[in-house]
Amino acid sequence: MDPDYWYAVAYESELPRGATLATRFWGHPLVVYRGTDGSLHALEDRCAHRQLKLSGGEVNGCHLTCTYHGWTYDGGGNVVHYAHDLFGRARPEVKVPGYPVTTRHGLIWVFPGDPALAAERTIPAIPELSGSRPWARLDASFTWQAHHSMIIDNVSDFTHSYLHRRFRPFWDAKLTRHELTEDRVELAYETFVGGGRLTSRFVDRRRVDTTSIELVFDYPYQCSDTGGSIKHWCFVLPMDRRTSRVFFIFYFDAVKIPGTRWTLPRVLLQPFMRMAGALVVKPLLCEDGEAVEAEQLGYETHFTAPIVELNPAVGLFQDLTIRKWEEFLDRDRSRPRPSSIAAADGRIVP
Ligand code: FES
Ligand SMILES: [Fe+2]
């Protein structure tokens, strides 16, 4: 995926003050750390001295110190202190790359590409989650051993309802629209949404139209909308060729009390969401995880076997993904120094 976008790498709650967090973008190791002063920074996860991972270091104030010889980095990646003798030399000016980092929707976002482009790229806004009456929110995140494109295919291609025959989140889907325009694929299905034994009791079908769903691959993010009342965003972090972390945010404008016409009072929404997450949403998404991991293994075993693809929308995601990567490589070749992401090329780093 094109690194010149913002990518969610972790929840804010995963990184307390004074902690480091190691992650990767397309094989390229990154460390995110939160200073003891609360400031957030992202650097290449590599000490410029002997290439140890900086994520194994120690945070002091807004600085990160490598654990081996104690070289200390500031938030921009400059070595600002050497904890040993310099053998009579002037203090060397050494640096590792730093990356723009920010927070939004409770997530930490890193811009792994050209920092000059960070300001013009936007993280999707989710107005429904702010304001005086935010919608009920349900989060789920997984690290799956699968190529990022398999995950985008999975969340957008509703021909796999058979996999979810136990939960029936969608059923009998018919593709009614699919269109690629610039950096966006839009599609719609006529389908029966939320028909599972448990979920169907909480969906207010008198109020919400659950007979169709609209999906968008708004590169590099994916989202859906059912009847203007049930929505989700899916943010994929391509860690390497066969590892992706995925963050789902589902949000609902209201939830019905089973057997009644009433909606659940607001104070009960978040506890209900936690329960729904544990009983339905996470087990359901685990089915997807097992499927895409099996698909990855299938691909690695039968590398040359042709794929018989019946859903015309899937080709659109893949065309867009390939085009965006090629555009990034073209941009990168014209830069004075090629990006370390292109050089890492998805290699699997332990
Ligand atoms: S390897 Fe990091 S300070 Fe020496
Ligand atoms: Fe699925």
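Me: Which residue in E11 is the bridge partner of Ala10?
Reply: Ile108 in E11 is the bridge partner of Ala10. Keep in mind that this is a predicted model.

Me: Okay, and how many bridges join E1 to E11?
Reply: There are 4 bridges between E1 and strand E11 (residues 107-110), and the two strands run antiparallel.

Me: What is the strand order in that open sheet?
Reply: The order is E1-E11-E10, an open sheet of 3 strands with antiparallel pairing. Its edge strands are E1 (7-11) and E10 (101-104), each of which pairs on one side only. From one strand to the next, the twist averages 35 degrees.

Me: Remind me, what do strands of a sheet pair through?
Reply: Backbone hydrogen bonds, in either a parallel or an antiparallel arrangement.

Me: Let's switch to E18. Is that strand largely enclosed or largely open?
Reply: Strand E18 (residues 243-252) is largely enclosed by the rest of the structure, because 9 of its 10 residues are buried. Buried here means that 20 or more other C-beta atoms lie within 10 Å of the residue's own.

Me: Which strands does E18 pair with?
Reply: Strand E12 (residues 136-144) pairs with E18 in the antiparallel sense over 9 bridges. Strand E17 (residues 230-240) also pairs with E18 in the antiparallel sense, over 10 bridges.

Me: How many residues sit between E17 and E18?
Reply: There are 2 residues between them, and the two strands form a hairpin.

Me: New topic: helices. At what angle do H1 and H3 cross?
Reply: Helix H1 (residues 148-156) and helix H3 (residues 266-301) cross at roughly 135 degrees, and their axes come within 10 Å. That angle makes H1 oblique to H3.

Me: Is the crossing of H1 and H3 left-handed or right-handed?
Reply: The crossing of H1 and H3 is right-handed.

Me: And which residues meet there, in H1 and in H3?
Reply: From H1, Met150, Ile151 and Asn154 meet Asp288, Ala291, Val292, Glu295 and Gln296 of H3. Sorted by class, the contact of H1 with H3 has 4 nonpolar, 2 polar and 2 charged residues.

How values were computed: Residues numbered from 1 in each chain as written. Chains lettered and ligands numbered in written order. Predicted model: local features only at pLDDT ≥ 70, side-chain atom pairs only at ≥ 80, totals over all residues. Buried ≥ 20, exposed ≤ 12 C-beta atoms within 10 Å, placed from the backbone. Pairing = 2+ DSSP bridges. Axes fitted to C-alpha atoms, helices over the stretch in contact; angles between N-to-C directions. Parallel < 35°, antiparallel > 145°, perpendicular 65-115°, else oblique. Left-handed = near helix turned anticlockwise from the far one by under 90°. Contact = placed C-beta atoms within 7 Å. Nonpolar A, V, L, I, M, F, W, Y, C, P; charged D, E, K, R; others polar.
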